[in-house]
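New page in my notebook. I want to look up how this protein is put together, from the whole chain down to single residues.

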Amino acid sequence: AKMDAVRGWNVINKMIFPAPPSSYRKGDMPGELIWVPIKTQKDKEIGRFPCLFLKSQKTTNKVLIYLHGNAEDIGQNHQYFAEMSMYWQFHTFGIEYPGYGLASGTPSEKSLKLHAQAAIQFLTQVLEFNPRNMIIFGRSIGTGLAVDLAYNLCKANTPPAGLILQSPYLSVKSLAKSMVGGIAGLITDRFESYKSIKFITCPVLMIHGELDNVIPYQHSVELHRLCASERKTLHLARDADHNQFDFSEDIFNPINWFLIDNGLIASDQKEQKSKENKKNQKNEKNQKKEKKSERIETSEGSEEESEEEGKGKEKGSESSEEEEEGMKEEGVEKEKEEKEEEEEEEEKILTKQELMERLEPYFDYEVPVLVKRGSFISGLLLSTQISAAAVEGSVALVSRDKTQRMDSTTET
């Protein structure tokens with residue numbers, strides 16, 4: 001009976017996660033397709049899954065993490081990643097879901113979250129990205145995963161630089177309710193973004209088509225209301241549905257302004273102002289050092305004069321106070337400088353060569369041939385190894401999930 005139940009859940013999961021045939025093969029996208037390890041709490045590697053890492057042409061410490069929609073894989077998003085990386089000068093990191101592309105396993109809420117957590121661990125530990133420099137971008141079914149990632153980072157007091165949600169939903173059950181009514185009560189809820197969004201404090205942008213008949217735009221309106229962030233923006237595209245957007249007006253421009261407003265990229269004017277501010281701060285710091293040096297020299301001269309004139313006690317007291325004040329200011333300045341040095345050290349930026357050296361061990365991986373990708377056994381083995389049920393029930397809600405990309409081709 002248990003085996004029948006598990007098989008039933010697996011069938012339902014396949015309905016909500018309709019993985020298409022892989023759009024890429026091993027050996028495709030050389031230098032960009034990497035295999036990220038999944039590790040136990042004891043740091044034992046139990047498998048790997050494919051991800052795409054596209055390096056920015058410009059040296060940067062920021063990375064955009066993309067969680068794709070349903071019925072597509074990272075290979076189909078390659079051109080999109082390349083264009084985002086080129087436009088915004090970020091590294092772009094696409095996470096593959098279990099059972100999608102070349103990834104083994106069975107897709108479910110728990111197995112998807114496992115991949116996402118392993119990806120964050122890889123980015124922070126292997127590539128040394130600070131979570132505060134991560135922009136998380138989720139689309140459709142991927143928004144539930146994106147919200148969960150942002151929630152976990154905020155909870156750990158390392159909020160990401162930003163969260164972008166395209167066509168998000170409150171939860172799977174809420175989505176089902178808006179489509180099939182009371183029958184949705186039979187569904188076990190998944191990706192409860194309406195709960196997690198209340199604890200997200202990083203900047204948030206939500207984009208939704210008002211004509212969306214797969215995920216109604218009211219989901220974004222409610223998520224925007226519930227979101228705890230003080231820097232949240234909702235962009236409703238009047239003529240867009242779930243799949244068709246005016247890319248320039250409804251995707252690129254809202255994201256571009258969101259990144260500028262939150263200091264993640266600089267417009268030409270802001271960049272110039274930033275340079276001027278840094279120059280002024282440097283000049284002010286130098287002036288303070290000169291004044292401090294003059295004050296110390298003056299206090300030393302006063303002390304010598306006081307000894308010569310026989311007014312040692314009075315002058316000595318004044319000199320002592322001035323020296324003490326100078327030492328305090330010097331201590332404060334030193335603390336500031338040390339803090340700045342620590343921040344600079346934390347914000348370490350790897351060069352392209354250093355990134356390639358770190359990535360080298362992850363370019364090749366022998367996918368186990370005894371376990372068929374997306375099979376029941378594959379999901380069961382993964383579930384056993386990581387102590388997480390890889391098969392869960394839901395309903396087919398987003399199987400029609402498609403999108404128009406920048407190259408004017410429609411992808412699912």
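Predicted model: local features only at pLDDT ≥ 70, side-chain atom pairs only at ≥ 80, totals over all residues.

I started with the overall count: the protein has twelve helices and ten strands. Helices (H or I, at least four residues) and strands (E, at least two) are DSSP runs, numbered from the N terminus. Residues are numbered from 1 along each chain as its sequence is written, and side-chain values use heavy atoms, with hydrogens and water left out.

Next I looked up burial. Of the 412 residues, 46% count as buried (under 20% relative accessible area; exposed is over 50%, partly exposed in between, with a 1.4 Å probe and protein chains only). Then contacts, meaning heavy atoms within 4.5 Å: among those between residues at least 6 apart in sequence, 76% join residues at least 24 apart.

**Helix pair**

I picked H3 (residues 109–125) and H4 (residues 141–155), whose axes come within 10 Å and cross at roughly 50°. Axes are lines fitted to C-alpha atoms, for helices over the stretch in contact, and angles run from 0 to 180 degrees between N-to-C directions. So H3 is oblique to H4 (under 35 degrees is roughly parallel, over 145 roughly antiparallel, 65 to 115 roughly perpendicular, the rest oblique). On the H3 side I found Leu112, Lys113, Ala116, Gln117 and Ile120, and they meet Leu145, Asp148, Leu149, Asn152 and Leu153 of H4.

**Strand residue**

Which strand holds Ile65? I found Ile65 in S3 (residues 63–67). Ile65 counts as buried because its relative accessibility is 0%. Ile95 sits 30 residues from Ile65 in sequence, yet the two are 7.5 Å apart in space, C-alpha to C-alpha. Skipping neighbours within four places in sequence, I listed the contacts of Ile65, including Phe93, Ile95, Ile120 and Met134.

**Cores**

Which residues touch the most other members of the largest nonpolar core? Phe93 and Leu163 do, out of 58 residues. Such a core is a set of buried Ala, Val, Leu, Ile, Met, Phe, Trp, Tyr and Cys residues joined through side-chain atoms within 4.5 Å. Another core, of 31 residues, lies apart from that one, and Tyr66, Ile74, Ala240 and Leu264 are among its members.

**Last stop**

I checked Ser196, which is in H6 (residues 193–196). Buried or exposed? Ser196 is buried, at 13% relative accessible area.
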